[in-house]
Amino acid sequence: MSVFKYSSNASSWWLGNDFDSEFQNENNDVDLTKLASTQRAIANFVNIVTGQQIPVEFQSRGNSYTDGSSVVIGTKLDGKNFDPTVGLALHEGSHIAHTNFELLSNFSANVAMHGVNPNFDMTQRTEKIIKDLLNWIEDRRIDYLIYKTAPGYRMYYESMYKKYFCDKVIDKALKEKRKCKETLDDYFFHIINFTNPNRDLTQLELLQEIWDIIDLKNIHRLQSTTDALEVACTVYKRLAKHLEKNEESADNNESTLENNTSEDSGESVDSGESEGNGDSGESEESVEVEGRVNDNDENNSLSPRQQKMLDNAINKQRQFLNGEQKKSGRLTKAQSHTVKAIKEAGTEIVSVDLGGEIIDTIVIKKLTKNIINHMPEIFSSRSSNTHVMKGIRLGKMLGKKLQIRNEEKTLKSTRLQSGKIDRRLISQLGYDNSNVFHKIVTDRYKDYFIHISIDASGSMWGQKLRESITSAVAIAQAASMTSGIRVQISFRGTAEFGNTGQSWQIRSKCVTVIAYDSAKDKMTKIKNLFGHIMTFGMTPEGVAFKSIEKQIIQDTKGAECIFINYSDGYPTHMGNHGGQDPIRFTRNVIKQFRESGMGIISYFISNGGNDLSKFKDMYGNDAENIDPENMFQVSRTMNSKFLEKSK
């Protein structure tokens, strides 16, 4: 097994080269949306590398470990700890995929099979020693397996090893021949640092033999946890026998020393006559075996601070070995709950190219009660759903007319000159009748994918937003009463997340909330949650549309796609728009939508008398000016379209 070598940050290609500060905004607050997005990415990495859907939980406090079915990471992600955390998550997840946890449930019996504890009277100390050896050998087996089969994740593993096994003070201890007493503790120090390039197998009597038994270069020969346990037991038996022998030798030496003391004369063996061959020889042996370095040598001694650093580094390695990695940063309890809510909502950071300028937008893919409770910037804590229930009632009235979509009419035409052969007419071929073909025509209605995007900027406050929601809900309710129509409803605006103070950024982020998807949600979701939707921020328009373009195209799945836009204003500047003004950028996005096959229906919500020229410049000449009191007409129009038959 080759020694891991650490390289530059592995995550910079998808977090950006300055990702060390990516989780902090200008107010030095944690960007919880970014944090949640990257945590979900790490969970995806674990699922990919293991080939299993393994739950990955990030705790604000506590240790990192796996219980055999899930991975828990006790850390706050920041720049210096990000790559090691990814490596740690992959490491723990790979144990779920490849380690036999049942072996540990009856550990004594499994150890006895390998010649240890045949009388089944293993002490807790012995069990702890063998488990520690097994943990380290199993770690090497699993990490090598993933390291070789998933080369794209190597840098994460390398950064993890750098953090836990390549500490400078560990390097110093190995180079200066520290921890070289013939004790179990010192043997473990050297064994768990076998991957360190500064290892020296001459520092302890059995190190070379243990190295040969474990055989890291051929660790792939171990095909299972049972194989790793066999090696651990072999190392333990050899090490226990050696240390027991050393202890007996030490006891004998101590007894001899006591017996050589002359009580009658009052003289000890520490005389000039014995100085050359007696204690001096034993002392030299003691230095060689137990110390290897003279502790009085000022050039090699560790300062109290260095000794403390060494103890901490060794403790960190022990914690890693036992799955007790300490957290590397903290989130507050409130922040932790917010991050969890953001992840549950499938929130993503989507980069939008403005033609030379890249800006990050936030897409919340699923409206949940939890996300409503933790994002007061864009949701109201109080629910008012009178307008929602109005939309449901209107939708039920319209939906009754759509029941006809559930019917199919089939017409069979026979005695034709082409088509499929009608078996009942084959016998007529002998009578010069060649019209023995038939055709079956099934009269079906079109399948539709409807995405309704509602402007939720501040100027839509009040009746405009309420009536827009009523209209959208009516369409969703009507569609739910028939087949072949999928409806999504999204809201767009701008907000800044992560601020704990009162100061707001000059440029807020574009936020798009996909609040309803009939392919995944029931109408009860609209009844329970839509009353919390309120206006937030400004009008991102084209930037918001672009952030969900790929998802809309993906969700269309061959159906006729109609994009419906409700808006009452013109786009807000989001970035520099690549030198384009916001209206031109929005027009280009809508043009791309049409080129991809979408039908565009856009309504300019006003109280009449507004200039439609700029609005039509963005959405086309068929864009309409509509009074909020007449929004029900939109639902009627859509119902008529739903009854169009496929050709």
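I began with strands S12 (residues 560–567) and S13 (residues 599–605): they run parallel and are joined by six bridges. Asn565 stands opposite Ser602 in S13. I note that this is a predicted model.

Next I traced the whole sheet. It is open, has eight strands and mixed pairing, and I read the order as S4-S5-S11-S10-S9-S12-S13-S14. Which strands stand at the edges? I found S4 (348–353) and S14 (624–626) there; each has a single partner strand, so one side of each lacks a neighbour in the sheet. On average, neighbouring strands are turned by 25° against each other, direction ignored.

I then looked up the helices on the sheet. Helix H17 (residues 463–480) packs on it and touches S9 (448–455), S10, S11, S12 and S13. The direction of H17 makes about 160° with that of S10. Helix H21 (residues 582–595) lies across S4, S12 and S13, at about 145° to S13.

S11 (residues 509–517) got its own entry. Is S11 mostly covered or uncovered? I found it mostly covered, with eight of its nine residues buried. S5 (residues 358–364) pairs with S11 in the parallel sense over three bridges, and Val363 stands opposite Thr512. S10 (residues 485–495) pairs with S11 in the antiparallel sense over eight bridges. There, Thr494 stands opposite Cys510.

Last, I checked helix H2 (residues 32–50). At 1.5 Å a residue, its 19 residues should span 27 Å; I found the end C-alpha atoms 27 Å apart, which agrees. In H2, 17 of the 19 residues are buried, so the rest of the structure largely encloses this helix. Gly51 follows H2, and its phi is positive, near 70°.

Terms used: Residues are numbered from 1 along each chain as its sequence is written. This is a predicted model: local features need pLDDT of at least 70, side-chain atom pairs count only at pLDDT 80 or more; totals for chains, interfaces and linings use all residues. Side-chain values use heavy atoms; hydrogens and water are left out. Helices (H or I, at least four residues) and strands (E, at least two) are DSSP runs, numbered from the N terminus. The expected span of a helix is 1.5 Å times one less than its number of residues. Buried means under 20% relative accessible area, exposed over 50%, partly exposed in between (1.4 Å probe, protein chains only). Two strands pair if DSSP finds at least two bridges between them. Axes are lines fitted to C-alpha atoms, for helices over the stretch in contact, and angles run from 0 to 180 degrees between N-to-C directions. Contact means heavy atoms within 4.5 Å.
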